[in-house]
Protein chains: 2
Amino acid sequence: MDMPQRPASPDPDSRADELSSQPGVERLFSPESVAVVGASEAGLGSMVFQNLHRDFPGRLYPVNPRRSEVHGVRAYPTVDDLPEAVDMAVILTPAVTVPDIIEHSAARGIGGAVVLAAGFAEAGAEGKSAQQRMTDVARAHAFPIVGPNCNGFYNGQRKVAATFAIPVDMDRPKLGPVAVVSQSGGFGSYILLKAITAGLHVSWYLSTGNESDMNVARSLRYMIEQPEVGVVLTFFEAVRSPEVFVEVAARAAELGKPVLAVKAGYTAEGSRAALSHTASIAGSGAVYDAICKQYGLIQASSVEQMIDFGLALQTGRRMAGRRLGVLTQSGGSGALMADVAETVGLTVPVLPDADRAHLQSLLPSFGSAANPVDTTGNFNMENFDAVYGGLAASDGVDAVLPLIWYVGERETEATKKVWAATDKPLVVATTLSAPDIAAMGIPVYTDPARAVRAIGAVAAFSESMRRRESVEPPRLDADRVTRVRALLEREAGQAFVLESVAKQVLAEYGIPVSREIIADSADAAVAAARELGGKVALKVLSYGLPHKSDSGALRLGLQGDADVRDGYEEMLASIRAANPDIKVEGVLVQEMVPAAVEISCGLQRDPVFGPMIAVGIGGVLIEIVGGTVLLRPPFTQRQAEHAVARIAEGRLRTASRGLSEQQATVIAKAMTGLGALALELPEVDSVDINPIRVDGDVAKAVDALIVVTA
Amino acid sequence: MDMPQRPASPDPDSRADELSSQPGVERLFSPESVAVVGASEAGLGSMVFQNLHRDFPGRLYPVNPRRSEVHGVRAYPTVDDLPEAVDMAVILTPAVTVPDIIEHSAARGIGGAVVLAAGFAEAGAEGKSAQQRMTDVARAHAFPIVGPNCNGFYNGQRKVAATFAIPVDMDRPKLGPVAVVSQSGGFGSYILLKAITAGLHVSWYLSTGNESDMNVARSLRYMIEQPEVGVVLTFFEAVRSPEVFVEVAARAAELGKPVLAVKAGYTAEGSRAALSHTASIAGSGAVYDAICKQYGLIQASSVEQMIDFGLALQTGRRMAGRRLGVLTQSGGSGALMADVAETVGLTVPVLPDADRAHLQSLLPSFGSAANPVDTTGNFNMENFDAVYGGLAASDGVDAVLPLIWYVGERETEATKKVWAATDKPLVVATTLSAPDIAAMGIPVYTDPARAVRAIGAVAAFSESMRRRESVEPPRLDADRVTRVRALLEREAGQAFVLESVAKQVLAEYGIPVSREIIADSADAAVAAARELGGKVALKVLSYGLPHKSDSGALRLGLQGDADVRDGYEEMLASIRAANPDIKVEGVLVQEMVPAAVEISCGLQRDPVFGPMIAVGIGGVLIEIVGGTVLLRPPFTQRQAEHAVARIAEGRLRTASRGLSEQQATVIAKAMTGLGALALELPEVDSVDINPIRVDGDVAKAVDALIVVTA
């Protein structure tokens with residue numbers, strides 16, 4: 001999928017990304033020669049060297065000015081003394097020495113560096129400037145740097161353990177499709193160890209630390225392209241390079257590789273904690289949620305859940321639908337699993353008649369073959385294989401979950417047989433453990449609810465793959481931009497754009513607006529009202545009155561000459577009495593637009609992800625209703641329609657007095673227009689259309705506030 | 001707390017409860033003599049006998065007509081042959097034999113029975129009638145029966161293992177404050193084993209199975225009164241004896257004993273699964289949620305979470321507030337824990353200045369003492385005890401959560417010291433395990449998010465204890481009931497009560513209603529409109545038109561004689577044209593009531609829990625907005641105010657255009673009135689007031705539909 005080129009970008013990192021060190025990343029992460037600067041016989045310098053020495057098949061050089069050899073390998077005093085320009089340098093020396101070493105390394109033609117030392121941006125002004133020097137070298141020389149303040153990386157395929165996240169004496173993890181990428185080094189080790197313990201097959205580990213150059217997004221850009229990588233688990237606090245982040249998410253979806261993410265600093269409490277830690281803005285949780293949903297990232301609520309999901313997804317098995325087959329010995333647990341299934345969007349449907357009859361014939365009379373298939377405790381275990389296999393084979397289910405209290409040899413053998421006979425996801429829930437099943441790579445959970453949620457993640461990912469659609473790069477309409485900028489020029493220096501002008505801008509983007517005429521006298525207002533016909537509203541246009549209804553600058557439902565004239569005069573008199581110095585630009589005479597439903601639609605610019613289009617219930621209830629949905633432009637009409645369908649948790653579309661399909665299409669079109677505006681006019685800081693009044697097949701914006709960056 | 005006597009009850013079990021076998025429960029559950037009917041040398045009959053034989057200190061008799069002794073103990077052919085009327089009989093014989101044995105046991109003066117056999121109500125008509133015979137005996141003879149189709153109970157204090165849920169050769173669980181009560185036997189064993197493995201100290205286990213007599217609610221009624229019980233974990237599908245259920249919940253709150261509950265059959269999927277299993281109605285998930293919130297039951301989303309919460313609550317430590325102190329070695333994990341904290345209603349506040357300065361002096365310069373306290377990985381471990389203890393001692397936190405990657409001797413000793421020095425909850429999160437800490441009864445979690453959620457449960461329970469208030473038994477107003485019944489009598493046989501009458505009924509319960517006059521001619525309508533003044537609405541009163549606005553039986557905002565007359569005639573003409581046979585009872589001339597906000601308030605009768613009062617956003621948006629809140633009468637004015645404060649996740653009260661405190665009080669008063677109506681008039685099936693229009697300090701019901709049971 002081609003990512004659209006943004007005509008103008010609010011992302012401060014995007015220029016830096018273009019100049020970034022990405023080209024040298026392959027050499028850094030898959031090196032054939034490595035130097036360990038600060039290699040020693042004790043401490044981290046020893047641990048990291050030994051980790052590499054243990055099984056790195058390439059050329060390995062310790063660098064240490066005070067030793068002639070390290071762990072029996074000839075050492076060199078400085079990077080300049082190395083016999084070759086190595087592909088990668090791991091740097092463990094104190095922070096103050098690092099920028100010089102980086103400069104020398106880059107000058108020497110070394111491929112890139114992994115800086116494990118701490119004491120940089122997290123440690124005050126001096127450290128910050130040292131880190132900036134590193135960033136400058138990275139960008140100037142296309143010299144990729146991982147860290148500082150990280151614990152390095154592990155490339156299992158190439159046997160590069162440039163890290164202290166893995167103990168030297170620990171068995172290497174079983175290689176497989178999983179990559180773990182963590183901003184935090186300490187927590188990254190925790191995640192890695194938990195993942196390995198849970199049975200994930202990990203080929204890659206990386207911590208990005210202070211992200212002087214390589215950040216999570218740019219590391220993922222490399223990693224998802226590696227053929228051995230099938231699933232990514234990632235933990236981070238700040239999203240740096242948001243453009244790369246969404247690009248990577250879209251590319252991973254294209255490749256069918258799930259990216260599981262836990263983001264810290266998500267709430268107000270967490271954001272404060274993250275800010276004090278990383279000095280970077282964590283961003284809005286609601287915007288991040290929307291980004292994940294739009295680009296197909298799988299959010300997990302905890303590291304444990306991310307690992308649970310990874311365990312099910314690393315099998316590569318996907319679901320054709322959302323139907324779960326449950327096998328249990330206890331009806332109570334079956335009902336509980338069905339509950340959890342529903343909360344994660346799965347169904348536990350009654351099996352097709354033939355399958356049900358077949359299974360019932362194998363069960364005791366008071367067992368149930370309906371699904372959950374309940375063998376009860378009084379089951380003839382001779383039939384176990386047949387029931388288990390029969391459920392898995394049924395066309396009525398897309399995945400199978402047996403809850404087996406105790407997994408003995410019989411249950412293990414049966415599970416292996418079913419696993420081999422089907423390509424549907426199969427996960428086992430049991431009381432304490434099932435090591436022989438887990439060793440086959442079959443996911444095992446010791447809590448049935450967690451097992452169901454993991455299958456829910458597989459179903460959701462499978463469905464997002466089926467629904468994936470390409471987003472065309474938006475076409476910039478240069479003529480329209482010129483026309484709109486001419487309109488906005490007249491508003492320069494004002495706190496907001498006058499409503500009448502805002503409506504003209506919206507109309508340029510295909511958003512239907514109320515018919516209206518500006519009047520500068522009571523006579524003109526009367527004439528305008530006659531021309532519009534029916535009832536009208538009067539609104540005072542003034543840069544001093546951003547909120548008309550709160551300041552009495554609004555009269556609604558006037559009809560007939562006398563009403564309009566009286567309303568006009570009375571409104572202006574009272575406005576002038578309350579605001580003696582006010583400058584009135586005119587009075588907007590506006591048709592009254594009927595409404596069965598009121599919608600709000602707006603553009604906000606997120607400090608991290610840039611433009612976001614919001615759509616929700618409008619009118620005075622906007623604060624009360626909630627359930628607003630966000631989309632990041634560009635997006636398709638269909639994505640916008642899905643967004644409308646999710647307003648107020650979907651109730652706006654399903655309620656009997658909610659939006660019809662046709663009305664939803666019209667609102668989605670307005671969103672698409674606002675999305676184009678956001679991309680074409682980066683100087684427009686925010687747009688707030690509230691309400692768009694919808695009735696029958698008519699939808700019109702009747703009020704709009706546009707704010708342009710000064 | 002005295003539970004109110006309901007003047008009339010829709011609960012089919014409540015009469016049965018009065019006649020129930022509760023008096024003999026003490027004798028059954030704490031027996032001094034036990035007979036095992038069906039004791040044998042093999043199978044369950046052997047297992048259960050051996051479980052009792054192993055350590056029951058009282059007199060134990062096998063009953064088996066085909067053996068003179070069982071496992072070396074003299075056996076008796078039938079219960080009639082026993083040398084004494086034992087306190088309890090465990091019955092393991094086939095289903096068909098059980099009702100006779102029960103009858104003989106009751107006749108013999110035996111205290112009660114635990115029936116482990118299956119094949120009763122779950123196995124068709126014959127089993128159902130056998131079970132009914134057992135129920136009849138239980139009720140007639142105050143002879144309590146546990147089961148059938150259960151796996152018995154375990155009373156650790158009295159050493160009664162009348163169960164096959166615990167293997168004979170397993171170490172008995174460490175005694176402590178935990179009771180596990182499960183409707184399901186199989187899943188109950190699973191929960192028990194998981195709980196023991198997780199470190200819960202279990203004194204009681206009980207499974208209720210088919211609940212022929214003793215159900216979960218009635219078992220809990222006994223159990224929460226036992227002095228050794230401090231925390232109850234319970235799993236069930238159906239709530240039988242709902243009156244007892246809420247009574248027990250309220251009593252447990254009074255005793256300060258948390259009751260943790262997982263209910264299956266909660267969603268549509270789960271409910272269908274439960275129905276096929278238990279043949280009882282699972283009830284509405286929303287109603288059950290509301291009941292738990294109102295009566296202080298702690299809902300867990302899975303068995304694992306129930307056990308997690310139990311681990312933290314069994315310590316008996318409670319929190320004075322909601323402030324969590326977090327200690328970590330990685331800022332990223334600190335931010336993540338702060339995130340989870342916020343989602344469960346905890347705060348992670350910056351520490352008081354003095355504490356912060358003290359801790360900062362012990363940390364590296366780039367560590368943080370703000371909270372989360374982040375020692376970073378480069379921490380001088382000499383200071384570990386002082387930082388850990390200092391955080392726990394701070395007046396700025398109510399509970400402490402250290403995340404310790406690896407718990408060695410130093411960390412264990414430090415934890416023990418802090419545990420001894422504070423009475424705040426302390427839970428430890430670590431990577432894999434911390435057995436020495438767990439052995440002290442200090443909660444240990446291997447996922448930081450689960451640790452935070454467990455503390456959230458402690459905080460929520462502690463707060464619910466502080467906020468607990470007694471509900472006065474409602475006083476039945478006999479005169480009012482007489483007056484209202486006289487009104488309703490005129491409506492007998494109709495599908496609903498005429499709006500004008502409904503309003504009179506509401507007014508009797510203190511609910512303010514719109515001023516209105518019934519007119520039977522255009523002249524009368526004009527006169528009525530003059531008397532009411534201002535604008536009026538006209539509504540056709542007819543039993544043929546339950547939904548006026550959908551059928552054109554409504555005209556709004558009429559003013560002046562001509563408008564009213566025209567409106568009246570035009571409306572009646574069009575109604576008659578559309579419904580030639582319609583019988584019109586009159587036309588309601590109603591004042592127009594202004595509304596800043598529209599509220600809905602209603603009474604529904606839940607098939608399980610009976611009357612529920614609902615309050616939410618009203619008007620045409622009711623389906624779209626959601627966020628309706630339910631309360632079960634009787635309740636206090638303050639509880640009703642809290643309910644109003646929770647509408648639309650609290651936004652209705654906090655939004656700038658939402659309800660003021662005074663308005664919320666008025667709405668709460670209407671709820672209280674509707675609650676009294678629900679209890680005084682069991683024949684009223686439902687009330688739907690929509691909307692109550694609220695503006696300034698005026699709130700008036702402008703439309704109301706009452707349905708009375710035929």
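Reader: In what sense do strands β5 and β6 of chain A pair, and over how many bridges?
Author: In this predicted model, strand β5 of chain A, residues 88-91, and strand β6 of chain A, residues 113-115, pair in the parallel sense over three bridges. Within that pairing, A:Ile91 stands opposite A:Val115 in β6(A).

Reader: And what order do the strands of that open sheet come in?
Author: The open sheet has five strands, with parallel pairing, and its order in chain A is β2-β1-β5-β6-β7. Its edge strands are β2 (59-63) and β7 (145-146) of chain A, each of which pairs on one side only.

Reader: Switching topic, how many residues does the contact take from chain A and from chain B?
Author: The contact takes 80 residues from chain A and 80 residues from chain B. The area buried between the two chains is about 5,900 Å², and carbon and sulfur atoms give 59% of that area. On the chain A side, A:Tyr190, A:Ile624 and A:Arg657 lose the most area to chain B, and together they account for 11% of what that side buries.

Reader: OK, and how many salt bridges are there between chain A and chain B?
Author: The count between chain A and chain B is two salt bridges. One of them joins A:Arg450 to B:Glu304, with the closest N and O atoms 2.7 Å apart.

Reader: Which element gives the most to the side of chain A that touches chain B?
Author: That is α12(A), which gives ten residues to that side. The residues of the side of chain A that touches chain B divide into 35 nonpolar, 28 polar and 17 charged.

Key
Residues numbered from 1 in each chain as written. Chains lettered and ligands numbered in written order. Predicted model: local features only at pLDDT ≥ 70, side-chain atom pairs only at ≥ 80, totals over all residues. Heavy atoms only, no water. Pairing = 2+ DSSP bridges. Helix = DSSP H or I, 4+ residues; strand = E, 2+ residues; numbered from the N terminus. Contact = heavy atoms within 4.5 Å. Buried area = accessible area lost by both parts, 1.4 Å probe. Salt bridge = Lys/Arg side-chain N within 4 Å of Asp/Glu carboxyl O. Nonpolar A, V, L, I, M, F, W, Y, C, P; charged D, E, K, R; others polar.
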